[in-house]
Amino acid sequence: MFFLSLIEHTLRLPPHLLDLPLNEAIKGELESLFLDKVIANLGLCISVYDIRSIDGGFVFPGDGASTYTVEFRLVMFRPFVGEIITAKLKESDANGLQLSLGFFDDIYIPVHLMPNPCHCEPDPENKSQVIWIWDYQEQKFPIDGLDEIRFQVQSVSYPPIPVEQPKESKPFAPMMIMGSLDYDGLGPVSWW
Amino acid sequence: MKIKKANAGALTNFEVLDFLRSRGAAKDPTRVIAPIAASEFKVYDYLVESAACNQTRESINELLDKCKKYDLAKAEILNIINIRPASPVEIDPIIEESEKRMGEGIEDLIEMVTTVLPPPPTQMNTGEEVVAGDEEIADGEQTATAMATEN
């Protein structure tokens with residue numbers, strides 16, 4: 001689920017941080033720059049693991065801040081295809097399920113990757129949501145929001161940033177995970 | 001920004017949890033003082049409820065040693081450490097073509113995983129108390145046979 005990535009970045013350190021020890025100031029800047037942000041094809045940055053080297057410290061003319069070239073490692077969240085992950089149900093509608101990991105919400109299970117055969121029923125409690133039920137050997141297994149759901153990662157995609165978005169559409173998701181429940185041992189933990 | 005190495009090594013859930021703990025993450029109210037960002041806390045909360053929360057470095061090393069004879073791919077071992085499967089049906093999506101490649105070995109693998117890695121809190125709560133008695137006896141036998149073979 002998690003990988004280390006080695007990144008080199010040229011960093012500008014604002015003058016108001018000059019009283020801090022260099023390591024801390026650079027770590028703080030890196031965190032505000034990268035933490036909780038998605039880097040294309042690398043994944044979601046979780047944390048700064050360590051700083052390998054700090055170079056430079058030049059002050060360019062006309063600028064009050066010093067510039068450093070830093071080499072560091074980041075802990076990235078990037079599940080590989082075929083990985084099994086346990087997540088909680090967030091929303092369920094006619095197009096499929098949306099699962100959430102707490103720190104990452106854009107996990108979708110489309111209809112064609114649900115266990116076969118299954119059908120959906122309108123949820124009596126919540127009008128905009130439906131409950132998906134798996135019909136297996138004449139027994140019904142509903143997917144309710146009670147326990148955790150295990151799914152297999154089918155693909156991880158990074159849609160390009162849209163230039164214009166119509167109002168009131170879903171906020172843009174820079175990283176989307178497509179998952180599948182269509183296999184033995186997948187689905188809510190209580191089924192197995 | 002230059003990406004020097006996109007993949008400088010895979011991390012198990014336990015290693016990320018250990019790293020966050022070493023920086024001061026915890027469940028209790030001291031979290032406001034710890035130098036950990038809110039987004040990192042969300043990761044910590046997720047990991048603490050998964051199978052990684054009671055693992056130790058030694059138990060993972062032990063599991064790696066014992067998995068060598070099954071000839072599993074690195075991704076499969078990573079999945080096993082993160083999920084801690086407790087039955088053959090849970091192994092099925094993790095190991096491709098498990099019946100062809102391992103056949104009977106699946107049962108041995110499950111038993112080895114359940115004895116080496118401690119169970120996650122959710123598995124312990126859901127009525128595992130009855131089985132716990134049997135597992136304890138099995139633990140004793142396993143460690144006895146392991147010591148016997150070492151001697």
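**View 1. A salt bridge between B:Lys2 and A:Glu8 in the predicted model.** The side chains of these two residues meet with 3.5 Å between N and O. Side chains of opposite charge can pair when their charged atoms come close. A:Glu8 forms its bridge to B:Lys2 through N and O atoms that are 3.5 Å apart at their closest. The pair crosses between chains: A:Glu8 belongs to strand 1 (residues 2-13) of chain A, and B:Lys2 to strand 1 (residues 2-5) of chain B.

**View 2. The contact between chain A and chain B.** Chain A contributes 41 residues to the contact and chain B contributes 33 residues. About 3,300 Å² is buried between the two chains, with 61% of this area coming from carbon and sulfur atoms. Six salt bridges are counted between chain A and chain B. Over all chains, a search of the whole structure finds 14 salt bridges.

**View 3. Packing of helix 3 against helix 7 in chain B.** Helix 3 (residues 57-67) and helix 7 (residues 105-116) of chain B pack at an angle of about 165°, and their axes lie 10 Å apart. An angle over 145 degrees counts as roughly antiparallel, and the two helices of chain B are therefore roughly antiparallel to each other. Helix 3 of chain B passes helix 7 of chain B in a right-handed crossing.

**View 4. Residues where helix 3 of chain B meets helix 7 of chain B.** From helix 3 come B:Ser59, B:Glu62, B:Leu63, B:Lys66 and B:Cys67; from helix 7 come B:Leu109, B:Met112, B:Val113 and B:Val116. Six of the residues in this contact are nonpolar, one is polar and two are charged.

Methods
Residues numbered from 1 in each chain as written. Chains lettered and ligands numbered in written order. Predicted model: local features only at pLDDT ≥ 70, side-chain atom pairs only at ≥ 80, totals over all residues. Heavy atoms only, no water. Axes fitted to C-alpha atoms, helices over the stretch in contact; angles between N-to-C directions. Helix = DSSP H or I, 4+ residues; strand = E, 2+ residues; numbered from the N terminus. Parallel < 35°, antiparallel > 145°, perpendicular 65-115°, else oblique. Left-handed = near helix turned anticlockwise from the far one by under 90°. Contact = heavy atoms within 4.5 Å. Nonpolar A, V, L, I, M, F, W, Y, C, P; charged D, E, K, R; others polar. Buried area = accessible area lost by both parts, 1.4 Å probe. Salt bridge = Lys/Arg side-chain N within 4 Å of Asp/Glu carboxyl O.
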